Amino acid sequence: MGHIIDLPTELLASVFLALQEETSTQWLRVLLVCRRWYEVACSASALWTKFSFDERRSHQVFGEFLRRSDKLPLDISLDVQREDCEAVFDIVRPSASQLRSLSVVFLPSQIDCVQRYLEDHAFSGSIVNLVLHCLASEAPRLLLRPPSLPALRSLRAIQVLPRPRQAVFHSVTFFELVQLWHVIHTEEGVAQYDLLTTLGDFPGVERLILRDALPPCMSFADIRMDPVALPSMCAMEMYETIEDIKFFLHHVTLPESARLTVVARVAEGMWEPDVGGVFLAILPENREKTLPMVSRATALRLFAGHTEQGALTLSGGTDVQALAAEPDWSLVLPDCGDILALSVGTALEELSLIAHATSLVHLELHIAPHILLFHTDWRAVLAPFVRVRRLLVGSQWPAEGVVGALYHHTDVLPELEILELCLGELPVVSQDEPLPPPDADVAPRRIERVVIVQGDHIPAPFVEGSLIGSMLRAGRFEFKLSRCSACHVRERVVEGGGRAVYDDGSALEQDEESSS
């Protein structure tokens, strides 16, 4: 077996490159191993194309990095808050034509310097990815000239609001704004919502991310806002407070094909969902116009419980298969505090007001066992959805409420074909013989296919011997074994009273033995 010292030059350089990807600057230690490693590393230009500069690095070392890059594209991060900004940019200038990615951390007093270099086409003309981070408590504005940044495709701004000067940025397709605490200003004597104006100057944006970027506009009664259309938008993510999100979405029009992800937080004080609504507190009244992807949904998925998806999540779309992973839109409330049950109850009542009830064919209501909905009128919740053909409900308590509504009211979900009951954390309690229906004068509800989801390995229950089963008559009962709170991981099917079998073909008893 050969020694690492005998590796060919090209292979040794590849090892150094892999080390650089994993350790940032720690790879520089290979220069101290031996003369050959030093020479190989110095001659491998790709090793010198990424560099992070701050007050700990000398200007001489920075210049040597750029020299050794040998005209390859550069990915440079500059932290100039404790440096002479102009001196650092002058080191980069001879290699400016190689710049592809540039990240700059600076102080408000250095904005003019940063702006001057970015407006110089000879310096910034090759930049594709730009990150601007101003260390300020209030976000200042930084003016950019689109003709000076013709190659720019991605722009990320932290605590600074980039504004195009005299033209618009048609080239930028990715735009992220973070922590813009104060961007309300007076322009031509009229108060403007500056962020909206800025977004209008980036008509080619396909993906937009807002993180604490919306200012507290609700308290400004004299703010004038002109609606902004984003015709190229494919995906928009928002991580803001409930009040600011609704305010923003009221004034931004997205194309029907855009994907929308909203993570909403309560700004201050106690939230009262019974007063302002839950998801309707986020969605604007003009959503039919501004958010067409919401109203066109034919499938909805409500997820309620303290999980990785948040305390309360509502997703919608037209593709049932992608509903869990990539919905057309998603509204997330990470924390509802002590009023989660009240929030869930209100959210259930809002469902038929958010999507067109008569267009919905698929409905999922994943509700954790600890959320007790004692006062929910399930008939009122489900009655508007006259075309729903598949309904998923979890856990046991909501499942019993839903089945009870279907049993007592045959006009509820008249086209229902598949009923899936997610009983994952509580096994079905059943007897060995069929239970009579709760009301002797009411026949069990006939449903073609009933699916029971369990979270354990116990044998399939005798469904007809349970309260839920006494209210249903199914053409067949199927069973799924779920390993997560959202179900749908593994399946097992029971046909004609046979034993349960997993989707890999193994018998239930065998799986139990192996797990024990």
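**Entry 1: S95**

I looked up S95 and listed its partners beyond four places in sequence: S95 is in contact with L66 and L74. By contact I mean heavy atoms within 4.5 Å. S95 sits in the loop between α4 (85–92) and β3 (99–106). I took helices (H or I, at least four residues) and strands (E, at least two) as DSSP runs, numbered from the N terminus. S95 counts as buried because its relative accessibility is 8%. My classes are buried under 20% relative accessible area, exposed over 50%, and partly exposed in between, with a 1.4 Å probe and protein chains only.

**Entry 2: ground rules**

This is a predicted model; local features need pLDDT of at least 70, side-chain atom pairs count only at pLDDT 80 or more, and totals for chains, interfaces and linings use all residues. Residues are numbered from 1 along each chain as its sequence is written, and side-chain values use heavy atoms, with hydrogens and water left out.

**Entry 3: the whole chain**

I noted an average pLDDT of 81 for the chain, with 81% of the residues scoring at least 70. pLDDT is the predictor's confidence in each residue, from 0 to 100. Residues 484–516 stay under 50, and the model has 74 contacts beyond four places in sequence for them.

I found 16 helices and 25 strands in the chain. Of its 516 residues, 52% are buried. Among contacts with a separation of 6 or more, 70% come from residues 24 or more positions apart. The chain exposes about 23,500 Å², and carbon and sulfur atoms supply 52% of that. Accessible areas are from the Shrake-Rupley method with a 1.4 Å probe; for residues, only the protein chains shown count as cover.

**Entry 4: salt bridges**

My search of the whole structure gave 21 salt bridges. The criterion is a side-chain nitrogen of Lys or Arg within 4 Å of a carboxyl oxygen of Asp or Glu.

I checked R67 and E64. Their side chains meet in a salt bridge, 2.2 Å from N to O. Both are in helix α3, 3 residues apart, so about one helical turn separates them. R67 is exposed at 56% relative accessible area, while E64 is partly exposed at 26%.

Next came D120 and R93. Their closest N and O atoms are 3.0 Å apart, in a salt bridge. D120 is in the loop between α5 (111–118) and α6 (121–124) and R93 in the loop between α4 and β3, so the pair ties together parts 27 residues apart in sequence. D120 is partly exposed at 25% relative accessibility. R93 is partly exposed too, at 36%.

Then I took R390 and E420, whose side chains form a salt bridge at 2.9 Å, N to O. This pair links distant parts of the chain, 30 residues apart: R390 is in strand β20 (residues 390–394) and E420 in strand β21 (residues 418–422). R390 is partly exposed at 24% relative accessible area. E420 is buried at 0%.

I also logged a network of salt bridges that links E256, R259, R296 and D328.

H362 lies in strand β19. H362 counts as buried, at 4% relative accessibility. Beyond four places in sequence, H362 is in contact with T298, A299, L300, V320, L323, R390 and L392.

V252 is in strand β14 (residues 252–253). V252 is buried as well, at 0% relative accessibility. I list L196, V228, L230 and T290 as its contacts, not counting residues up to four places away. V252 and D226 are 26 residues apart in sequence, with 9.1 Å between their C-alpha atoms.

**Entry 5: positive phi**

Most residues other than glycine have a negative phi. I noted K71, with phi near 70°. K71 lies in the loop between α3 (59–68) and β2 (74–79) and is exposed at 67% relative accessible area. I noted Q179 as well, with phi near 55°. Q179 lies in the loop between β8 (174–178) and β9 (184–187) and is partly exposed at 29%.

**Entry 6: helix α14**

I checked the length of α14 (residues 396–408). Its 13 residues should span 18 Å at 1.5 Å a residue, and the end C-alpha atoms are 18 Å apart, which agrees. The expected span is 1.5 Å times one less than the number of residues. Buried residues of α14 include P398, V402, L406 and Y407.
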